[in-house]
Amino acid sequence: MSRNNSRRASGDSADSTASAAVATAPKTLSYVTPTEFVELPSRGKYYPTEHPLYNKEVVEVRYMTAKDEDILTSQSLLRTGLALERLLQNILVNKEIKVSELLVGDRNAILVAARSSGYGHLYETKVTCPACGEQCDHAFDLSDLPLNEGISPGDDSGVSTTSNGTFVATLPKTSYEAEFRLLNGSDETYLTKAAEKKTKLNLPDSRATDLLKRLIVSIEGVESRSEIDNFVDQMPAQDARFLRACLQVVTPNVDLKQLFTCNHCGNVTALEVPFTTDFFWPQ
């Protein structure tokens, strides 16, 4: 009898100890950062077949976190111009996608989505009125930025697409057939660094020709880089202007223009959302 009571008492004591252990166990957080699917202006049509975004209409990205803000305030990354690149690489769910390979329009779409998830859809900044030159406070609505998918089959732009995701147009002055591709993140970095270097060395600005040299794939079937570079340096201004216009027409992008009304002169005009320091570093 006493032995049974002893066992019962011992069992009660063990149950109490277990309950107390559960009650005092530290709580854990199992928070998972939300993700969203961002529509790509390119619809994945202009990536190589082996690219992760080939024929993909959306890309999955996660919301910005406090850790991502550390990237945006890193002085070393800011000095080297790598802060935004590192941020974009961090929020892409599919790590096989390289930011440097993103088409510029798709990159802009992801930037807008990241900014919206981090700081909200309203982007308050200062803009300069093109009519009177005065600065005004203005709020852009980032949730109201439609996509422009670029060239459409059968349009009258004079530009056609190839099976390789490039474009072909006949230059008006020389009548040469020029094949060119879209701008990506790597091209932007190259062109920015080239411009900065020439500024430091007090060399003439050559961004317009540097852009064409970077994006032209062939001229009349000739793919030699030296031949293309030499042609660009000598090409008629009419042809160069036409080719740059073609690039604007075919580039899929976020339509960054919104109506702005000046508080000083009342002028109403369409202004492009400025990617200034306020965009990712709001006051």
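## Salt bridges and packed helices

Let's start with a charged pair: Glu188 forms a salt bridge with Arg107, and their closest N and O atoms sit 3.6 Å apart. A salt bridge here is a side-chain nitrogen of Lys or Arg within 4 Å of a carboxyl oxygen of Asp or Glu. This pair links distant parts of the chain, with Glu188 in helix H6 and Arg107 in helix H5, 81 residues apart. Helices (H or I, at least four residues) and strands (E, at least two) are DSSP runs, numbered from the N terminus.

Before going on, keep in mind that this is a predicted model: local features need pLDDT of at least 70 and side-chain atom pairs count only at pLDDT 80 or more, while totals for chains, interfaces and linings use all residues. Residues are numbered from 1 along each chain as its sequence is written, and side-chain values use heavy atoms, with hydrogens and water left out.

Back to Arg107. Is Arg107 buried or exposed? Arg107 is buried, at a relative accessible area of 10%, whereas Glu188 is partly exposed at 27%. For these words, buried means under 20% relative accessible area, exposed over 50%, and partly exposed in between (1.4 Å probe, protein chains only). Arg107 also meets Glu85 in a salt bridge, at 2.4 Å from N to O. Glu85 lies in helix H4 (residues 83–91) and Arg107 in helix H5 (residues 104–119), so this pair ties together parts that are 22 residues apart in sequence.

Now follow helix H6 (residues 185–200) over to helix H7 (residues 207–215): the two pack at an angle of about 145°, with their axes 11 Å apart. Axes are lines fitted to C-alpha atoms, for helices over the stretch in contact, and angles run from 0 to 180 degrees between N-to-C directions. On the H6 side the contact (heavy atoms within 4.5 Å) includes Tyr190, Leu191 and Ala194, and on the H7 side it includes Asp210, Leu211 and Arg214. By class, this contact of H6 with H7 has 6 nonpolar, 1 polar and 5 charged residues. Ala, Val, Leu, Ile, Met, Phe, Trp, Tyr, Cys and Pro count as nonpolar, Asp, Glu, Lys and Arg as charged, and the others, Gly among them, as polar.

What does H7 do with H8? Those two helices pack at an angle of about 150°, with their axes 9 Å apart. Thr209, Leu212 and Lys213 of H7 make the contact with Arg225, Asp229, Val232 and Asp233 of H8. Sorted by class, that gives 2 nonpolar, 1 polar and 4 charged residues. Two of these names come up again as a charged pair: the side chains of Asp233 and Lys213 meet in a salt bridge (3.0 Å, N to O). Asp233 in helix H8 (residues 225–234) and Lys213 in helix H7 are 20 residues apart, and Asp233 is partly exposed, with a relative accessible area of 46%.

Stepping back, the count comes to 11 salt bridges, and Glu39, Arg43 and Glu149 are linked in a network of them. The protein has 10 helices and 12 strands. Of its 283 residues, 36% count as buried. Among contacts between residues at least 6 apart in sequence, 60% join residues at least 24 apart.
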